[in-house]
Amino acid sequence: MEDTRFRLKIITPDREFYENDVDMVEFNTYEGEVGIYRGHIPMSMVISPGILTITNDGESLNAALHAGFVEVLPDKVTILAEIVEWPGEIDEDRAKAARERAEARIKEQPEGVDVARAELALRKAIARINVVGK
């Protein structure tokens with residue numbers, strides 16, 4: 001029987017977040033949501049804030065993935081991430097407060113506010129809130 005698993009390695013500046021053989025990984029890029037299986041064509045992508053889902057033996061693990069790059073090879077996926085957080089590492093109240101601040105900056109657009117930065121902060125806060133709720 002052919003092995004359908006591949007090696008997933010996720011690294012942040014602070015730690016090696018995850019390394020194991022998995023069946024599938026899903027995450028957001030600026031081109032859209034992608035799901036990777038063994039044998040995927042080689043490519044690299046820029047990660048967009050969202051939920052990272054790791055599927056292994058029929059069970060899924062979720063984490064908030066904020067930004068970074070991914071290298072996909074047929075038998076290995078390496079994610080170099082700015083920040084990745086397991087649900088237990090997220091302070092939901094703090095994430096909700098960050099979402100409210102970002103929404104207010106976007107809506108009011110006070111003098112000197114970088115709207116693109118506020119939108120990115122909003123996507124990160126929403127990713128945190130969504131992963132805690134899963």
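**Entry 1: ground rules**

I number residues from 1 along each chain as its sequence is written, and my side-chain values use heavy atoms, with hydrogens and water left out. Since the model is predicted, local features need pLDDT of at least 70 and side-chain atom pairs count only at pLDDT 80 or more, while totals for chains, interfaces and linings use all residues. My helices (H or I, at least four residues) and strands (E, at least two) are DSSP runs, numbered from the N terminus.

**Entry 2: aspartate 23**

I looked up where aspartate 23 sits. I found aspartate 23 in the loop between β2 (16-22) and β3 (24-29). Is aspartate 23 buried or exposed? I noted it as buried because its relative accessibility is 19%; buried means under 20% relative accessible area, exposed over 50%, and partly exposed in between, with a 1.4 Å probe and protein chains only.

Next I listed its contacts (heavy atoms within 4.5 Å). Leaving out residues up to four places away in sequence, aspartate 23 touches Thr4, Arg5, Phe6, Ile36, Tyr37, Thr55, Asn56, Asp57 and Gly58.

I then looked for a polar contact. The term covers a pair of N or O atoms within 3.5 Å; within protein, one must be able to donate a hydrogen and the other to accept it, and residues adjacent in sequence count only if both atoms are side-chain atoms. A polar atom of the aspartate 23 side chain lies 2.7 Å from the backbone nitrogen of aspartate 57.

**Entry 3: aspartate 57**

Aspartate 57 counts as exposed because its relative accessibility is 63%. I also checked its backbone. Most residues other than glycine have a negative phi. Aspartate 57 is not a glycine, yet its phi is positive, at about 55°.

**Entry 4: salt bridges**

Side chains of opposite charge can pair when their charged atoms come close. How many salt bridges does the structure hold? I recorded nine salt bridges, each a side-chain nitrogen of Lys or Arg within 4 Å of a carboxyl oxygen of Asp or Glu. I wrote down three of them, as follows.

Aspartate 23 and arginine 5 meet through their side chains at 3.6 Å, N to O. Arginine 5 is in the segment before β1 (6-11) and aspartate 23 is in the loop between β2 and β3, so this pair ties together parts 18 residues apart in sequence.

Aspartate 21 and arginine 7 form a salt bridge at 3.5 Å, N to O. Because aspartate 21 is in strand β2 and arginine 7 in strand β1, the pair ties together parts that are 14 residues apart in sequence. Aspartate 21 is partly exposed at 32% relative accessibility, and arginine 7 is partly exposed at 31%.

Lysine 124 and glutamate 82 form a salt bridge at 3.0 Å, N to O. Lysine 124 belongs to helix α2 (residues 115-133) and glutamate 82 to strand β8, so parts 42 residues apart in sequence are tied together. Lysine 124 is buried at 17% relative accessibility, whereas glutamate 82 is partly exposed at 41%.

I also noted that salt bridges with shared partners join Arg5, Asp23 and Asp57 into one network.

**Entry 5: aromatic rings**

A pair of aromatic rings is described by the distance of the centres and the angle of the planes. My rule pairs rings of Phe, Tyr and Trp (its six-membered ring) if their centres lie within 6.5 Å; planes under 30 degrees apart count as stacked, over 60 as edge-to-face and the rest as tilted. By this rule I counted two aromatic pairs.

Phenylalanine 17 and tryptophan 86 are stacked, at 4.5 Å centre to centre with 20° between the planes. Phenylalanine 17 is in strand β2 and tryptophan 86 in the loop between β8 (76-85) and α1 (92-108), so the pair ties together parts 69 residues apart in sequence. Phenylalanine 17 is buried at 8% relative accessible area, whereas tryptophan 86 is partly exposed at 22%.

Why is the pair of tyrosine 18 and tryptophan 86 edge-to-face? Their ring centres are 6.3 Å apart and their planes are at 65°, so the pair counts as edge-to-face. Tyrosine 18 lies in strand β2, 68 residues from tryptophan 86, and is buried at 11%. Phe17, Tyr18 and Trp86 make up one aromatic cluster.

**Entry 6: a surface patch**

Which residues form a nonpolar patch on the surface? I noted Tyr30, Val46, Phe69 and Leu80, with about 410 Å² of accessible area together. Patches are made of residues with over 30% relative accessible area and no salt bridge; like charges are joined within 9 Å, and nonpolar side chains (Val, Leu, Ile, Met, Phe, Trp, Tyr) within 5 Å. Accessible areas come from the Shrake-Rupley method with a 1.4 Å probe, and for residues only the protein chains shown count as cover. Tyrosine 30 is in the loop between β3 and β4 (32-36) and is partly exposed at 47%.
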